[in-house]
Amino acid sequence: MSNPSSSDMKLLDHLGELRRRLAVVVAANLLVAVVLFQYAAAIMEYLFAINPGMELVYISPQELLLVYIQLAVLAAVVLCSPVTIYQVWAFVSKGLYQHEKGAVILSLLSGLVCFAAGAVFCYLVVLPVTLQFFVRISTEQVAAMISVQNYANFINKMLLAFGIVFEMPVLVFLFSKLGYLHPESIRDKRGVLIILVFIFAAIITPPDVVSQMMLAGPMLLLMQLSYYICCAVDRSRKRREAREARETAKA
């Protein structure tokens, strides 16, 4: 019979370790954010670089300062992501089997790469097209008064949305590797998943058709890629199980 106090101590140890690792992540992000705040204006120039001619204003005394703080924090989160990934890995790896560790660490590293790829794709392809569309639909009778904060929020939201969407193949690989997802699950629910893709794109993007389609299109391609990944992982698992079964039968 297990000792309840021993289980409580293990739980407290895990919570203590989680608190320490979260403290490291938060401290690293805050420190880097403070440093990057000095360069917030330079970071803002990258957002202005894709502006097709919109005239931006700020309508409250603190608005530009808040935008600089937001950009510094977001840039710090990106730069500190290797620290965050390491701390997550160091915490969860102790509770994983050996064959699971490889899948998790590969997913963490691939997730970082895929998120960056999604954000770059959005910055270079999607945002220029979307902003140009907004400029073209403007009229002489209606003057655009776009605040810096609204502009920055729109850009950051789009970058975040595409970064998250590009994580889909990584998540499918991880869940397939751990045995929680099978090709039949995706194939049988393909119609429902397509509808969910368009609903997700409508929710996460601004209320315009261009942004929604620019997000839904890559999501559908990534969903198909995720299905192929799931099939590959499933075939690999079945071959391994068959090999292990033969070895057991010979023994």
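Which helix does Leu-108 lie in? Leu-108 sits in helix α5; helices (H or I, at least four residues) and strands (E, at least two) are DSSP runs, numbered from the N terminus. Before going on, note that this is a predicted model, where local features need pLDDT of at least 70, side-chain atom pairs count only at pLDDT 80 or more, and totals for chains, interfaces and linings use all residues. Residues are numbered from 1 along each chain as its sequence is written, and side-chain values use heavy atoms, with hydrogens and water left out.

**Leu-108 and its surroundings**

Leu-108 has a relative accessible area of 22%, so it counts as partly exposed; the scale is buried under 20%, exposed over 50% and partly exposed in between, using a 1.4 Å probe and protein chains only. Setting aside residues up to four places away in sequence, Leu-108 touches Ile-85 and Trp-89, where contact means heavy atoms within 4.5 Å. Asp-188 is 80 residues from Leu-108 along the chain, and their C-alpha atoms are separated by 28 Å.

**The nonpolar cores**

A nonpolar core here is a set of buried Ala, Val, Leu, Ile, Met, Phe, Trp, Tyr and Cys residues joined through side-chain atoms within 4.5 Å. The largest one has 28 residues, and Leu-127 and Ile-155 touch the most other members. At least two residues of this core come from each of α2 (40-48), α3 (63-79), α5 (98-136), α6 (148-165), α9 (190-204) and α10 (209-250). α6 gives the largest share, nine residues.

Ile-155 touches Leu-47, Ile-50, Leu-127 and Leu-131, not counting residues up to four places away in sequence. Apart from this core lies another, of six residues, including Val-172, Ile-186, Cys-230 and Cys-231.

The 18 residues of α6 should span 26 Å at 1.5 Å a residue, and the end C-alpha atoms are 26 Å apart, which agrees. That expected span is 1.5 Å times one less than the number of residues. Among the buried residues of α6 are Tyr-151, Ile-155, Met-158 and Phe-162.

Tyr-151 also turns up as a contact of Asn-51, along with Leu-56, leaving aside neighbours within four places in sequence. Asn-51 is in the loop between α2 and β1 (56-57), and its 17% relative accessibility is why it counts as buried.

In helix α7 (residues 168-177), the buried residues include Val-172, Phe-173 and Leu-174. α7 is followed by Gly-179, with a positive phi near 85°.

**Rings and cysteines**

Rings of Phe, Tyr and Trp (its six-membered ring) pair if their centres lie within 6.5 Å; planes under 30 degrees apart are stacked, over 60 edge-to-face and the rest tilted. The count comes to four aromatic pairs. Phe-121 and Phe-162 make a tilted one, 6.0 Å centre to centre with 50° between the planes. This pair links helix α5 to helix α6, 41 residues apart. Phe-121, Phe-162 and Phe-166 form one aromatic cluster.

How do some of the residues compare in accessibility?

| Residue | Relative accessible area | Class |
|---|---|---|
| Phe-121 | 30% | partly exposed |
| Phe-162 | 0% | buried |
| Cys-80 | 4% | buried |

As for disulfides (cysteine sulfur atoms within 2.5 Å), a search of the whole structure finds zero. The sulfur of Cys-114 is 15 Å from the closest cysteine sulfur, in Cys-122, so that is too far for a bond.
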